[in-house]
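Notebook open, structure loaded. I wanted to look up the salt bridges and then the ligand site.

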Amino acid sequence: MKLYNVAIVGATGAVGEEMRLILEERNFPVANLKLLASARSVGKRLPFKGDEIAVEELTKDSFAGVDIALFSAGASISREFAPAAVEASAVVIDNSSAFRMDDNVPLVVPEVNPGDVKKHNGVIANPNCTTIIMLVALKPLYDYSRIKRVVVSSYQSASGAGAKGMNELLSQAKSFAAGNDINVEFFAYQLLFNLIPHIDVFQENAYTREEMKMVNETRKIMGDPDIMVSPTCVRVPVMRAHSESINIETEEKITPEKARELFSKAPGLQVIDDPALKKYPMPLFATGQDDCFVGRIRKDLSCENGLNFWVVGDQIRKGAALNAVQIAEELV
Ligand SMILES: NC(=O)c1ccc[n+]([C@@H]2O[C@H](COP(=O)([O-])OP(=O)(O)OC[C@H]3O[C@@H](n4cnc5c(N)ncnc54)[C@H](OP(=O)(O)O)[C@@H]3O)[C@@H](O)[C@H]2O)c1
């Protein structure tokens, strides 16, 4: 079996750490793993397959001999360093938003458009986490009947904002338990006991950039420039895993029974939908899992061809690290 030299850029971050775990778990054919981060992390050693690997500082010379570079250090780092990786003949799989809407860059969810991987010119983009989780559920329905319109409200966990987001929620909980004042440094407001209907920056059209990612990325990945998406993205005081309340309108009617059947056959998706037994997906349950989960499947009472459901997925895994490693698997 051919082995590949792999680099993780942002190896000490929430997503980068998970990438390392997933490469090991899925036994990805790694010859040599390079862990890259900022100068702050040089000297850290992280475990991989029974060994420890020293974290190196990311520079433009980091990519000699690297076959696959998994980037997860934010858009500005991707813009600055991905060209150097491509120049060194690595294929970049980029988790940031830097190249997602570039016409020359495939944007891939392996359960939805795996064939697009082949179209790459050195860079493949990993979609936004909330979009990935939604599309894993929309795809099997879309293949049965085109979806005309999606109304989605997200309930996005603190870890969606990286290690700093997780730390802030945890420290607010500890301060509350100790009876101390609650500090707000990273999110716009206190997240503990609160909801913040604001993720990423507001655009001129009054939507946030996170919301517009859901609109534009969905169209690109589904290959349907006319699909209508109406999103509201909300940060919630959950540590990990994003949830989404989704309403769709389809061209042909899809009954809840049919939807359940289509969902249950779809890759990467499990149905948990038994209201009588209080069974429905929840973020605590989805944490650490590879699959996304769908439940609360019911007819939209206000629209003939409408359907409502609730989807939950671990956004660090399927929404980021796992999706990137699955793309790498498609590639090799
Ligand atoms: N968290 C999620 O759920 C999620 C989901 C999908 C996509 N993403 C995307 O994935 C990327 C990383 O997110 P994250 O949540 O993992 O963030 P994070 O926990 O804040 O980690 C950021 C990583 O980037 C590294 N980094 C920062 N500045 C750097 C520099 N100047 N040079 C080299 N490395 C640098 C950090 O290294 P140091 O430790 O040395 O600072 C760290 O390894 C972002 O583009 C984010 O939008 C995140």
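This is a predicted model: local features need pLDDT of at least 70, side-chain atom pairs count only at pLDDT 80 or more; totals for chains, interfaces and linings use all residues.

Is Lys253 buried, partly exposed or exposed? I got a relative accessible area of 39% for Lys253, so I wrote down partly exposed.

Next I checked the partner. Lys253 and Glu304 meet in a salt bridge, 2.8 Å from N to O. Glu304 is exposed, at 54% relative accessible area. Glu304 sits in the loop between strands S12 and S13 and Lys253 in the loop between S10 and helix H6, so the pair ties together parts 51 residues apart in sequence.

I then went through other salt bridges; the structure holds 22. Glu18 pairs with Arg240, with the closest N and O atoms 3.1 Å apart. This pair ties together parts 222 residues apart in sequence, because Glu18 lies in helix H1 and Arg240 in the loop between S9 and S10. I found both Glu18 and Arg240 buried. Arg209 and Asp200 also form a salt bridge, at 3.2 Å. Arg209 is partly exposed at 41% relative accessibility, and Asp200 is partly exposed at 27%.

On to the ligand. I listed 26 residues around the ligand, with Thr12, Val15, Ser38, Arg40 and Ser41 coming nearest. The shell has 11 nonpolar, 14 polar and one charged residues. Helices H1 and H8 each supply at least two of the shell residues, and domains 1 and 2 each give at least three.

A backbone N or O atom of Ala14 lies 2.9 Å from a ligand oxygen. Taken alone the ligand exposes 900 Å², and the protein buries 77% of that.

Note on methods. Residues are numbered from 1 along each chain as its sequence is written. Side-chain values use heavy atoms; hydrogens and water are left out. A residue is near a molecule or strand if one of its heavy atoms lies within 4 Å of it. A polar contact is a pair of N or O atoms within 3.5 Å; within protein, one must be able to donate a hydrogen and the other to accept it, and residues adjacent in sequence count only if both atoms are side-chain atoms. Accessible areas come from the Shrake-Rupley method with a 1.4 Å probe; for residues, only the protein chains shown count as cover. Helices (H or I, at least four residues) and strands (E, at least two) are DSSP runs, numbered from the N terminus. Ala, Val, Leu, Ile, Met, Phe, Trp, Tyr, Cys and Pro count as nonpolar, Asp, Glu, Lys and Arg as charged, and the others, Gly among them, as polar. Domain bounds come from an automatic or database domain assignment. A salt bridge is a side-chain nitrogen of Lys or Arg within 4 Å of a carboxyl oxygen of Asp or Glu. Buried means under 20% relative accessible area, exposed over 50%, partly exposed in between (1.4 Å probe, protein chains only).
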